[in-house]
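Please look over the sequence and the model shown below before reading on. The briefing that follows goes through the model topic by topic.

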There are 2 protein chains.
Amino acid sequence: MGLDAMLLTSAGSLKAYADYWFNFEMGPSPFHALPAALFMVPYYERVLLMADDQQQLSSADEQNFTIDLYASYSYEQPPQFIDDFCRKLKLILGSFKGARKIGIEKRFLPAFALEYLVAAFPRHEWIDAGEAINLLRAVKDADEIEHIRKAALVADMGQLAVLRHATAGVSEIHLFNQVRQDMEVLAGCRVPIMADLVSGERTANAGGSPTDKLISKNDMILSDFTPCVRGYWGDSCNTVHIGIPDKAQLKTFALVKEALQIGLESLKPGIAANEVDARMRKHLSGAGNFGHHGGHGVGTAYHEHPRIVPYNTEPLKAGMVVALEPAVYRDDYGIRLEHLAVVRNNGPELLTKFTHQFTADA
Amino acid sequence: MGLDAMLLTSAGSLKAYADYWFNFEMGPSPFHALPAALFMVPYYERVLLMADDQQQLSSADEQNFTIDLYASYSYEQPPQFIDDFCRKLKLILGSFKGARKIGIEKRFLPAFALEYLVAAFPRHEWIDAGEAINLLRAVKDADEIEHIRKAALVADMGQLAVLRHATAGVSEIHLFNQVRQDMEVLAGCRVPIMADLVSGERTANAGGSPTDKLISKNDMILSDFTPCVRGYWGDSCNTVHIGIPDKAQLKTFALVKEALQIGLESLKPGIAANEVDARMRKHLSGAGNFGHHGGHGVGTAYHEHPRIVPYNTEPLKAGMVVALEPAVYRDDYGIRLEHLAVVRNNGPELLTKFTHQFTADA
């Protein structure tokens, strides 16, 4: 794209390139233009502009970054965070006069900011670099893999906690809270968690949020936990039977577990993403519906490149972190099993370590 | 502003005007341009454009709204959600040719969408109506107050749960999970919660997220719970002493409680927002630091108009929902107490009902 500089504003990019993370669990702050923005001129300068209530939230150090703050919250005077953010951004971009072709993330930059920049720098070009950055982020370095490993450990804890706490008579939302408690106590902090936790018939629909439905004897529980530990995500899924599964259910569980194993064994540099998908899908054909991706990349976003899907011919590379989640959905129940792994030259390295087991005592 | 139509995209506006709510706890979906957008032509038409995985999430009915969907998630073909969202938006706006002056929320509309609209409708005007809408939303109707009442009940449960579960030797994050379990089980669903939960010295800094710090005998715990129940927020704060408070602490707690009572009693139509703030602040003067707002409106955003702050001369109106949160921060601890109330002609109606008590057995 021949860009002179980048202005990055997505949560995923800010974490990946400035180790900055804003916990999005509470929604956007009413006193932020954006939590932060990162301006990068390759081989030259990185400026991290943050809301002034955010300065503890990045490990971006002053040796490698120029840190700048804009005024966010105020109570004695009306807040001016939009104006101050724009003013600071103008100063930052204005000090790099040679940088005119700027890559931005148009999905994660608010309209007011682009409108302001276009007016302030009428001769600049503003190129959407969102997809290019997403592709760049697919291969992780060792540091990033360590971050994801921690999130995977929290996901493991979630799956162990389901086996420990799941019992007939407890509601899905109650179980979810027992499970999340174990995950957050392990992490030592709040952890945003994307979670499917469904029981009984709802497992046939692949997922959903926990509700006040009571878990019954002979329900299955499908639990997909995707925790975000300080900006990096983990991912995991298991399906547990509360009672004694029948033979057909046991057979389906075993089949999905085999499909996951087939998928994991196929993870190696050079294989096309859709070949991994196809091998799992072939093993499950005829057993039920499997109407979603076979897997996806995981990093500072919970679903990123490489997508393990029928259309994606992209070859996998060493250092990619991939979640595989084969599934069989039938009329009355669904079973999905998932592991998270790094693509390595000598075979996949599992990041989630829990064992997929179908009953608490199996 | 003489607008012909509005295109609303903030979470707060979508809930207030279309009863649509997307749970933001997991961050934005990788398959959404936006969860939804609402196009309104006054007295004529309301079109709610949603991602096609969102159709269960609004109670907007087909009698009062035209419901439209754009394609979001896909796995057999590459997803086209940006293109499809823009295409649908163009069709919707194109069918109202007379509407050329469009109010938008420039903080909550992504750059790609405004860029597309400007190109597709070069003669339209795109006016930032964000602040005007925020001001409009300050007075709540009876339905909205019922929604906030439910969220306030969940906040009450949180404060009761602190008194029940807080004990020396438990970590802040563990306590938070015990408390949130009671809140979510009551709500019967996941509830995004903005929470300060700090103990000991950190209470002096007004707030923060729960960590793995263990709560000690003679710590205070400052717990500010702001739960979002299906799109409407509640708010509450209490400060609890784990042990036996000394006389100065008891005196400070009583002083803050009096300030809250003074603030609540002053809530009536016509009083200036900053007069409410000043009365609380005056009562606390000399007792310590109180370096934040005295209160704020609550609705589909957790901090909205009217701000109860020194600069805001805006008169309160019946139907405004206001949280008051006087506080005293000293070198070694801080005490903040908060209630949520509706401004009524005949005096404030409390929405949070818990009693502010300083010790579990008081």
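With which residue of chain A does B:Arg180 form a salt bridge? The partner of B:Arg180 is A:Glu184, and the closest N and O atoms of this salt bridge are 2.9 Å apart. This is a predicted model, in which local features need pLDDT of at least 70 and side-chain atom pairs count only at pLDDT 80 or more, while totals for chains, interfaces and linings use all residues. Residues are numbered from 1 along each chain as its sequence is written, chains are lettered from A and ligands numbered from 1 in the order in which they are written, and side-chain values use heavy atoms, with hydrogens and water left out.

**Salt bridges**

- A salt bridge is counted here when a side-chain nitrogen of Lys or Arg lies within 4 Å of a carboxyl oxygen of Asp or Glu.
- Side chains of opposite charge can pair when their charged atoms come close.
- Over all chains, the search of the whole structure finds 38 salt bridges, and the count between chain A and chain B is 4.
- The pair of B:Arg180 and A:Glu184 crosses between chains, from helix α6 (residues 172–187) of chain B to helix α6 of chain A, where helices (H or I, at least four residues) and strands (E, at least two) are DSSP runs, numbered from the N terminus.
- A:Lys106 also forms a salt bridge, in this case with B:Glu115, and the closest N and O atoms of that pair are 2.7 Å apart.

**The interface of chain A and chain B**

- In total, 59 residues of chain A are in contact with 59 residues of chain B, contact meaning heavy atoms within 4.5 Å.
- The two chains bury about 4,800 Å² between them, with 56% of it on carbon and sulfur atoms; buried area is the accessible area (1.4 Å probe) that two parts lose on being put together, summed over both.
- In chain A, the residues that lose the most area to chain B are A:Tyr75, A:Arg107 and A:Arg190, which together make up 16% of what that side buries.
- Across the interface, 26 residue pairs are in polar contact (both at pLDDT 80 or more); a polar contact is a pair of N or O atoms within 3.5 Å, where within protein one must be able to donate a hydrogen and the other to accept it, and residues adjacent in sequence count only if both atoms are side-chain atoms.
- On the side of chain A that touches chain B, the elements giving two or more residues are α2 (81–94), α3 (111–120), α6 (172–187) and β7 (193–199) of chain A, and α6(A) gives the most, with 9 residues.
- The residues of that side divide into 32 nonpolar, 16 polar and 11 charged, where Ala, Val, Leu, Ile, Met, Phe, Trp, Tyr, Cys and Pro count as nonpolar, Asp, Glu, Lys and Arg as charged, and the others, Gly among them, as polar.

**How the two copies are related**

- The same surface serves both copies, since 100% of the contact residues of chain A recur in chain B.

**Helix α8 of chain B**

- B:Arg281 lies in helix α8 (residues 273–284) of chain B, and the side chain of B:Arg281 reaches the backbone oxygen of B:His292 at 2.8 Å.
- Leaving aside neighbours within four places in sequence, the contacts of B:Arg281 include A:Tyr75 and B:Pro310.

- In chain B, 5 strands form an open sheet in the order β12-β11-β13-β16-β17, with antiparallel pairing; two strands pair if DSSP finds at least two bridges between them.
- The edge strands, each pairing on one side only, are β12 (304–308) and β17 (349–350) of chain B.
- The peptide bond from B:His305 to B:Pro306 is cis, with omega near 0°, and B:Pro306 lies in strand β12 of chain B.
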